[in-house]
Amino acid sequence: MPTYLYKIQPVRPAMLSEGPSDEESRLTNEHFEYLKDLMEAGALILAGRTLNSDYSSFGIAILNARDDAHMQQLTDADPGVAKGLFRAEWYPYRIALHAPGNTKDE
């Protein structure tokens with residue numbers, strides 16, 4: 001199954017520097033729950049975001065999808081993207097090295 005790198009950025013970067021609105025908080029939670037569902041379904045390999053809070057901040061996820069069309073479906077179904085909180089890009093991606101034990105949170 002192909003692997004993809006999924007990159008998202010807030011449409012309103014001030015959400016990170018000034019704090020989210022109530023709607024942005026709600027959509028962020030929906031987005032997080034969506035990613036958890038993808039993880040439980042075996043599609044999500046990892047997800048996280050940069051810790052800076054300026055316009056360059058972004059989140060990434062590494063996902064398994066059947067093909068480009070399926071990856072687009074996964075993107076379109078993300079509540080944060082579908083409801084305009086995040087803009088998204090994705091790229092076919094190959095994991096070359098992976099050491100699960102090197103992650104501090106594991």
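Leaving aside neighbours within four places in sequence, Asp-78 is in contact with Tyr-6, His-31 and Tyr-34, contact meaning heavy atoms within 4.5 Å. Some ground rules. This is a predicted model, where local features need pLDDT of at least 70 and side-chain atom pairs count only at pLDDT 80 or more, while totals for chains, interfaces and linings use all residues. Residues are numbered from 1 along each chain as its sequence is written, and side-chain values use heavy atoms, with hydrogens and water left out.

Asp-78 sits in the loop between helix H3 (68-77) and helix H4 (79-82). Helices (H or I, at least four residues) and strands (E, at least two) are DSSP runs, numbered from the N terminus. Asp-78 is buried and has no salt bridge. Buried means under 20% relative accessible area with a 1.4 Å probe, protein chains only; a salt bridge is a Lys or Arg side-chain nitrogen within 4 Å of a carboxyl oxygen of Asp or Glu. The nearest side chain of opposite charge is Lys-83, 9.1 Å away; Lys and Arg count as positive, Asp and Glu as negative, and His and the chain ends are not counted.

Now the sheet. Four strands form an open antiparallel sheet, ordered S2-S3-S1-S4; two strands pair if DSSP finds at least two bridges between them. S2 (44-49) and S4 (86-93) are at the edges with a single partner strand each, so one side of each has no neighbour in the sheet. Six bridges join S1 (3-10) to S3 (59-64), and Tyr-6 stands opposite Ala-61 in S3.

Key: Buried means under 20% relative accessible area, exposed over 50%, partly exposed in between (1.4 Å probe, protein chains only).
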